[in-house]
Amino acid sequence: MRKLALLFFVALSANTTHVVHAQEKEKETVAIYPFTSARGYWDYALEVGNAVEAGVLRSNRFIVVERNRFASIDEEERFKEVNTSEIVEQASKFGATTIVTGHVVGVSQGDLVDSQGKLTGNEYVEISLSFKILDVQTSQIMKSELLRGRGEGSTKAAALQKAYQVIDRLGRAQIGDYLPQHFDFMDIVETDTRKEVEYLKRFKVWGGSADGLQKDDVIDVQLITKVTNPRNGQTIEEKQLLGQAKVDEVNGESTSTCTLINHRKTGEKILGLIKSNPESVRMEYKGNWHERRSIWDMLP
């Protein structure tokens, strides 16, 4: 794997399983190219670009090539979507492997009314953004999404600020989905027993503040298996979602404590795998998206 070089020494006991772990992490280098806009929305493009760039920097997940490192774009270029081949060439000079671009395609705003059509005294602003993620090596567009950031407030400025915050969150979620981080199981913190069945409830992972983890983030717990393609002999990874966990506490730069969501539905199998084959269990984290709802919350 390009992000992690892992070495495990596994010590198992009757009541607990602990993985002594050494790892070196390589942060992905992401280039944030100056955002553009349709005519009339240039100021919005500047602020949306600021919001996305600040959010990626704040996440502490990547080495970020900031927009001011790129050559200035002229007035005509401000109002059209970027030329992929040109920006890939620029980004490669900075060592970037991924480029993020944005193009504001529209902005709507106005007074809010209630269900009876009466003015509420508040305003709304909604920004529509064409958001793309490109792979530098192949020049391919890997993700292309239309993001909408909507904000409401007592003034236009307040509503606009909230709209930028939504774009910030959605942009980080898209980047995190494309460039997920992988962490490994560290130790069992707490189990639960019911009718002689033992379930994993709380555990620690090798991931912390230096990786951008925050309290209440949700991580996927996956089963990793390796299979060989009979046609070319290549070994590939397959992953299966076992459950999800919420980060309760970030213990430091490299470790965090998590609670397994709906542990009585998922905890027995995960605990068994951890005790028998801990290196097959991996945590996947897709970024600081606190509003992300766990699918396991919907189970009865």
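Predicted model: local features only at pLDDT ≥ 70, side-chain atom pairs only at ≥ 80, totals over all residues.
Start at Ile32. Ile32 sits in strand S3, which runs over residues 29–32. Is Ile32 buried or exposed? Ile32 is buried, because its relative accessible area is 0%, and the cut-off for buried is under 20%. Now look at what surrounds it. Setting aside neighbours within four places in sequence, Ile32 contacts Glu53, Val56, Val64, Val65, Glu66, Arg67, Phe70 and Val100. Take Val65 from that list. Val65 is 33 residues from Ile32 along the chain, yet the two C-alpha atoms are separated by 6.2 Å.

The largest has 44 residues. Val48, Ile99 and Ile127 have the most contacts inside it. Several elements each supply at least two residues of this core: strand S3, helix H1 (42–59), strand S5 (63–65), helix H3 (84–93), strand S6 (98–113), strand S7 (119–135) and helix H4 (156–178). H4 gives the most, with nine residues. Ile99 shows the packing residue by residue. Not counting residues up to four places away in sequence, Ile99 touches Ala31, Tyr33, Ile87, Val88, Ala91, Lys132, Ile133, Leu134 and Val136. There is also a second, separate core, of 22 residues. Among its members are Ile188, Val205, Leu223 and Ile270.

How far apart are the end C-alpha atoms of H1? They are 26 Å apart. That agrees with expectation, because 18 residues at 1.5 Å a residue should span 26 Å. The buried residues of H1 are Trp42, Tyr44, Ala45, Val48, Gly49, Ala51, Val52, Glu53, Gly55, Val56 and Ser59. Two of these names have come up already: Glu53 and Val56 are contacts of Ile32. Val48 has come up too, as one of the residues with the most contacts inside the largest core. After H1 comes Asn60, whose phi is positive, near 65 degrees.

Now the aromatic rings. The structure holds six aromatic pairs. One of them joins Tyr33 and Phe70. The geometry is edge-to-face, with 4.9 Å centre to centre and 70 degrees between the planes. Tyr33 lies in the loop between S3 and strand S4 (36–37), and Phe70 in the loop between S5 and helix H2 (75–78), so the pair ties together parts that are 37 residues apart in sequence. Both residues are buried. Another pair is formed by Phe185 and Phe203. This one is tilted, at 6.3 Å centre to centre and 35 degrees between the planes. Phe185 belongs to strand S9 (residues 181–194) and Phe203 to strand S10 (residues 197–205), and the two are 18 residues apart. Phe185 counts as buried because its relative accessible area is 1%. Phe203 is buried as well, with a relative accessible area of 1%. Return to Tyr33 and Phe70 for a moment. Ring pairs link these two and Phe94 into a cluster.

Glu28 is buried, because its relative accessible area is 8%. What does the side chain of Glu28 make a polar contact with? The partner is the side chain of Thr97, at 2.7 Å.

Key: Residues numbered from 1 in each chain as written. Heavy atoms only, no water. Helix = DSSP H or I, 4+ residues; strand = E, 2+ residues; numbered from the N terminus. Buried < 20%, exposed > 50% of the residue type's maximum accessible area, 1.4 Å probe, protein only. Contact = heavy atoms within 4.5 Å. Core = buried A, V, L, I, M, F, W, Y, C linked by side-chain atoms within 4.5 Å. Expected span 1.5 Å × (residues − 1). Phe/Tyr/Trp six-rings, centres within 6.5 Å; stacked < 30°, edge-to-face > 60°. Polar contact = N/O pair within 3.5 Å; in protein donor to acceptor, adjacent residues only side chain to side chain.
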